[in-house]
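Please look over the sequence and the model shown here.

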Amino acid sequence: METYQQPTSQGYYGRFGGAYIPEMLHRNVEELQRQYLEIMGDPVFQQEFRELLADYVGRPTPLFLAERLSEKHRTNIYLKREDLCHTGAHKINNTIGQILLAQRLGKQRIIAETGAGQHGVATATVCALKGIECIVYMGEKDIERQAPNVARMKMLGAKVVPATSGSKTLKDATNEAIRDWINHPNDTHYIIGSVVGPHPYPDMVARFQSVISEEIRKQLQQKTGRELPTHVIACVGGGSNAAGAFYHFLDELEVKLVAVEAAGHGVHSGLSAATTALGKPGILHGSKSLLMQTADGQVVEPHSISAGLDYPGIGPLHAHLFESGRGTFLSATDDEALQSAFEVARLEGIIPALETAHAFAALNQLEFKPTDNVVVCLSGRGDKDLATYMKAMDMA
Ligand SMILES: *Cc1c(COP(=O)(O)O)cnc(C)c1O
């Protein structure tokens, strides 16, 4: 049977994925490829992972029937509350998994790159928890724009290193992290924050995040007597919260999987991050996927009001879900996302992250039956976006 869940042994989902890396990284990446499934499959590892998810992250996160939102859309809408995770989003599910894996591999040093700082904070958090040295590369421009997250990382004991080349943003921070890894092949693990990067990262991160859909299945069964929802809706930057929310439904073909990208000022405005609408196959961060690029293959600088969706690519799993038709790919503009954030705040008393607001905006683009069970992955909370929300209120 064809499976959407698992890539081939070389890390391919359809024609996307693989490991396109410089020679100097082969040893590190190969070590991971060889060992990740064995380590993750070890019952002692699983027990430690599950215990931290329960006692440190606060899992299982609730599945909440959003009654007023459901009423508006004349259906049943359930919110998977990843916003209630420690540090305020789903990202910590993955960093907990990877720090335990790094320990098993005997690594004493962690590196990461971050754009908005959310992944940097999640990484700094688990490094503090385990007493492991943490270096986070971040574009100089992003360091200025994301001061609160930089402060958090520093308070947690991480060293934040500015990337001063190129556009001084995420792409440049990634280059610095890769350079660091090449220079420290033995003692360092590179924690990638989404289902991107060379094989085995997309599969490894999807597996760590798959706890989201594992819980959804159980919780839906308890609440509705049916373990399969009709729809799962999630926003997509690189695609990790979506991969986690979709994972245990990927091969249940009657479940409609809806991925929502950031359309910025509009898909064709020149200021967007709608990768599947605009992207072409290419290689970014070590894997073959869809990415926004010019005719001669230069990566196009993306735009989104939400820093977490401001990424020119998409993980290979999602590129395959798009191309195969298994996934439905929609997009929401900055303004649509803002409107939805305010709506969810007023209807449900929950201020979602701007990224998540894109997933909510997609509700307006779909048709539901009164008997449908729709799950929205509420990937994170909106505290970090308050300044943007305040600005939007001033303008309204
Ligand atoms: C980082 C982030 C995202 C986007 O990352 P994915 O890997 O696509 O999940 C979405 N929502 C929140 C709250 C985030 O912090």
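Helix 1 is the element that gives the most to the lining of the second largest cavity, with three residues. Helices (H or I, at least four residues) and strands (E, at least two) are DSSP runs, numbered from the N terminus. This is a predicted model, in which local features need pLDDT of at least 70 and side-chain atom pairs count only at pLDDT 80 or more, while totals for chains, interfaces and linings use all residues. Residues are numbered from 1 along each chain as its sequence is written, and side-chain values use heavy atoms, with hydrogens and water left out.

**Cavities**

- On a 1 Å grid over the protein atoms alone, a cavity is a set of points where a 1.4 Å probe fits but cannot get out; a pocket is an open set with protein on both sides within 12 Å along at least five of seven lines; lining residues have an atom within 4 Å of a point.
- The structure has three cavities of 30 Å³ or more, where a volume is the space filled by probe spheres set on the grid points, which are joined across faces, edges and corners.
- The second largest cavity holds about 40 Å³ of space, and its lining consists of N28, E31, L32, L105, K107, W181, P185, T188 and H189.
- Two or more residues of this lining come from each of helix 1 (26-41) and strand 8.
- By class, the lining of the second largest cavity has four nonpolar, three polar and two charged residues; Ala, Val, Leu, Ile, Met, Phe, Trp, Tyr, Cys and Pro count as nonpolar, Asp, Glu, Lys and Arg as charged, and the others, Gly among them, as polar.
- The largest cavity holds about 50 Å³, and among its lining residues are V196, L284, Y311 and P316.
- Strand 12 (residues 287-291) gives the most to the lining of the largest cavity, with four residues.

- The lining of the second largest pocket divides into five nonpolar, seven polar and five charged residues.
- The second largest pocket lies between domain 1 (22-52 + 91-205) and domain 2 (58-88 + 210-395), because both give residues to its lining; the domain bounds come from an automatic or database domain assignment.

**The ligand site**

- There are 16 residues around the ligand, of which K91, S194, G237, G239 and S240 come nearest; a residue counts as near if one of its heavy atoms lies within 4 Å of the molecule.
- Domain 1 and domain 2 each give at least three residues to the shell around the ligand.
- By class, this shell has three nonpolar, eleven polar and two charged residues.
- A backbone N or O atom of G237 lies 2.7 Å from an oxygen atom of the ligand.
- For G238, a backbone N or O atom is 3.2 Å from a ligand oxygen atom.
- A polar backbone atom of G239 is 2.7 Å from an oxygen atom of the ligand.
- The protein covers 97% of the 380 Å² of accessible area that the ligand has on its own, with areas computed by the Shrake-Rupley method with a 1.4 Å probe.

**Backbone geometry**

- Most residues other than glycine have a negative phi, and most peptide bonds are trans.
- T87 is not a glycine, yet has a positive phi of about 75°; T87 lies in the loop between strand 4 (76-80) and helix 4 (91-104).
- R59 and P60 are joined by a cis peptide bond with omega of about 0°, and P60 is in the loop between helix 2 (43-57) and strand 3 (63-65).
- The peptide bond from H199 to P200 is cis, with omega near 15°, and P200 is in the loop between strand 8 (188-190) and helix 9 (201-209).

Terms used:
A polar contact is a pair of N or O atoms within 3.5 Å; within protein, one must be able to donate a hydrogen and the other to accept it, and residues adjacent in sequence count only if both atoms are side-chain atoms.
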